[in-house]
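Colleague: Hi! Could you walk me through this structure?
Modeller: Happy to, here it is.

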Amino acid sequence: MSGKTVAGAIRAALCERDARSKVMAARRVARDWRLGRLAFAFEVAMPDAPGRPEAPELLAPGRMPKRGKAGSERGRIALWHALAHIEFVAIDLALDMAGRFGAEMGPQFVSDFLAVAADEAMHFALLDRHLRTLGSHYGALPAHAGLWSAAHDTRHDVGARLAVVPMVLEARGLDVTPGTIDRVRAVGDERGARILERILDDEIRHVRFGANHFDAWAARLGADPQELWKSLVLRYFRGNLKPPFNDSARLAAGLSRDLYAGVACAKSNGISHASRDGGGFRPSP
Ligand SMILES: [Fe+2]
Ligand SMILES: [Fe+2]
């Protein structure tokens, strides 16, 4: 085992600044963990903020430039760039989940979220490659600055992190991705549509990992999982849970309709923080 710990390897991947190096580091830590090369030990803390490449420039959501018409070349590049950025941040979100909360949640939790990190690294690589076929690349445009805030706000509480990141933000991806796939296919981009179909399949599994570990966490606290989830989402998620929901994909991921429909109502009645940054981190194309 050569003395390497899982937390040390995760921290190194989080701190990696270059996009390609982070992709390789995330995949390496997932593989090394799977092969038993890393000790289940958490002697180092996770960084407050992960390493980032110099480009893209990160802008507040309200300062993002208009994306151009949906079918135009510029609009297409802006869509794939926004999607690539989401996947890039998702690598760090999964690594941080495993490294920050692995000690209290156990080896299976680490296995699940390192597998997610490896998936996100693959998603990012596929999207960056697709962007390059359109003559662009990740970093060529500005990107949304708000995506890490959900992680920062929930850094002290694994229940809150699971409730918000996989079970709200990634679940939102299940709702909007089928529409994006249809629009991408309608403009003749079959390869892009296939990439998004693969991502959608993987994201169902990511949401399911989140929901399963959330249920186990609620059981440890002796709490009702639905009540606990609702109270954490009302407290920590600043956007709105917006229908339409993709009920079948959500059900496949272990989220029942009465869970999120109840929170969507409470949110629209104003029983929560003021909305700060919209409904999650998928852009609607
Ligand atoms: Fe992803
Ligand atoms: Fe994901």
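Colleague: Is L38 buried or exposed?
Modeller: L38 counts as buried because it has 23 C-beta neighbours inside 10 Å (buried means 20 or more other C-beta atoms within 10 Å of its own, exposed 12 or fewer, partly exposed in between, with C-beta atoms placed from the backbone). This is a predicted model: local features need pLDDT of at least 70, side-chain atom pairs count only at pLDDT 80 or more, and totals for chains, interfaces and linings use all residues. Residues are numbered from 1 along each chain as its sequence is written, while chains are lettered from A and ligands numbered from 1 in the order in which they are written.

Colleague: And where is L38 found?
Modeller: L38 sits in the loop between α2 and β1 (58–59). Helices (H or I, at least four residues) and strands (E, at least two) are DSSP runs, numbered from the N terminus.

Colleague: What is L38 in contact with, leaving aside its neighbours within four places in sequence?
Modeller: K4, T5, V6, A9, D32 and W33. In contact means that the C-beta atoms, placed from the backbone, lie within 7 Å.

Colleague: New topic: at what angle do α1 and α2 pack?
Modeller: About 165°, with the axes of α1 (residues 6–15) and α2 (residues 19–34) 9 Å apart. Axes are lines fitted to C-alpha atoms, for helices over the stretch in contact, and angles run from 0 to 180 degrees between N-to-C directions. The two helices are therefore roughly antiparallel (over 145 degrees; under 35 is roughly parallel, 65 to 115 roughly perpendicular and the rest oblique).

Colleague: Which residues of α1 make the contact?
Modeller: V6, A9, I10, A12 and A13 of α1, meeting K22, A25, A26, V29, D32 and W33 of α2.

Definitions and conventions: Contact = placed C-beta atoms within 7 Å.
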